[in-house]
Amino acid sequence: MVRMYFLIFCFLLGNIMLLAQNPPCSDFNDPVNPYGNWAPAAAPNGNVSVGVGSPNPLDGSQFLIIKDKSGGSWYQNWKDYQKLGNYFLGQCIYFDFYLDNDSGYGLPYHPYITLSDGTNSATFVASVTVTPGSGWVRIKAPIQLSSGGVLPSNSDGAWTMSPVNAAIFDNIIMNSQVLSITPDITSTQQEVMYFDNICVKPCEGCNECNSNFKIQTTTSTSGNYTTAQIFLESTNSPSLYKVDWGDGTTGDVLTSHIYNTPGSYTVCVIQFEGDQPKCKTCISICIPKPAEGGNAKNPGNLKSPLKDVAETARAESGTASQPEYNLVPNPAKNYVDVQTNLSKRGTVTVKIIDTSGKILINNSETVESGRQSIKINTEKLIQGTYIVEIQSENVKSSQKLLITR
């Protein structure tokens, strides 16, 4: 009899364990199916087109690109975010957001997500505002019940519904069925938005201690300096971290750093809770001596934790063909000058390509011989790493460009 009770207990325990839920997280990084369980809404409300891009500067990963089409434009997940209040009450839904094109809206835009129980919906509207190209933001929506008839809110925004009904809202939280996003802003169809890391996790203030990171270094072919960029492995807010670059300077994790002196440096990322350090991770890097002519002699020693840019880093360190092209400034923000030095008048084509191989800017100009300059507008490029391909007649050069915000 004791043995039978034990077996029954184990059976029940096993079933309880089977009911345990892992927090859902859509990072859009799967190489085969980056969209996971996300899909356009049923007709006539699923008029969107989607793709992926990279890198999201908040973590260096791939992100979702969603574009508006005529009609209702909802993109939904009916599987991963069910019954959030039952499993994750007190935690938050995090999401990263970037506005690429507002289709002429012209006003500050509040990012939002919508949660539904299949019948009624509630929307979390962020307090932060964005405009096209203003940069990535990370937002957290609390998974909480109403209190005294008031819908929950936090420092990042507030839950809304019309009309406000606390009982219906609580049912949405406890019995959620679908999470939805949309690129729709105006009646025209040119809106483009990026979403990433739509994840349930402990709210800020209960952040996991994770200061792990990757570092990408790029040695310039046209100057005696090396640029370093940090990519966090955590979904915590980047504002929680500081970087000690090992050369007596510190900064935030979203801003790249330039080393002008060769040598060995220990780079540390520190996560803070308030004013107190919470955890720390360090990586040692070696900044090479510049070779004659500004070209690295040993491209095989260039290492990058991001495979898609490692080969580019090696290619950049190879011997550049003449005529010489320089990118100034680099890192750049709103523009970059492509400096040329042609032996005769000719046409120069400049392409700016993201790490997925997509051509974002394609510009051709006829320039005179000698030192000239072509100004390229980069205001609409998000923060990250790009390849600039420059060609004139039979000569082609590829260089890396860093965009900072």
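Is Cys268 buried or exposed? Cys268 counts as buried, because its relative accessibility is 6% (buried means under 20% relative accessible area, exposed over 50%, partly exposed in between, with a 1.4 Å probe and protein chains only). Some notes follow.

1. Before you read on: this is a predicted model, where local features need pLDDT of at least 70, side-chain atom pairs count only at pLDDT 80 or more, and totals for chains, interfaces and linings use all residues. Residues are numbered from 1 along each chain as its sequence is written, and side-chain values use heavy atoms, with hydrogens and water left out.

2. Let's stay with Cys268. Cys268 pairs with Cys282 in a disulfide, with the sulfur atoms 2.0 Å apart (the rule is a pair of cysteine sulfur atoms within 2.5 Å). The torsion about the S-S bond is about 105°, so this disulfide is right-handed. Cys268 sits in strand E19 (residues 263-273) and Cys282 in strand E20 (residues 276-287), so the link ties together parts 14 residues apart in sequence. Strands (E, at least two residues) are DSSP runs, numbered from the N terminus. Cys282 has a relative accessible area of 39%, so Cys282 is partly exposed.

3. Another cysteine to look at is Cys286: with a relative accessible area of 63%, Cys286 is exposed.

4. How many disulfides does the rule give? The count comes to three. One of them joins Cys25 to Cys199, S to S 1.9 Å, and is right-handed, with 40° about the S-S bond. This pair links distant parts of the chain, 174 residues apart: Cys25 is in strand E1 (residues 25-26) and Cys199 in strand E13 (residues 192-201). Cys25 counts as partly exposed because its relative accessibility is 45%, while Cys199, at 3%, counts as buried.

5. Cys92 and Cys203 form a disulfide too, with 2.0 Å between their sulfur atoms. Here the angle about the S-S bond is 105°, again right-handed. The pair links distant parts of the chain, 111 residues apart, from Cys92 in strand E6 (residues 92-101) to Cys203 in the loop between E13 and strand E14 (213-219). Both cysteines, Cys92 and Cys203, are buried.

6. Now the inside. The largest nonpolar core holds 36 residues, and Phe97, Phe195 and Ile198 have the most contacts inside it. Such a core is a set of buried Ala, Val, Leu, Ile, Met, Phe, Trp, Tyr and Cys residues joined through side-chain atoms within 4.5 Å. A second, separate core of 27 residues includes Tyr98, Leu327, Val388 and Leu401.

7. Finally, Phe97 itself. Leaving out residues up to four places away in sequence, Phe97 touches several residues, among them Tyr109, Val130, Trp136 and Phe195 (contact means heavy atoms within 4.5 Å).

How values were computed: Helices (H or I, at least four residues) and strands (E, at least two) are DSSP runs, numbered from the N terminus.
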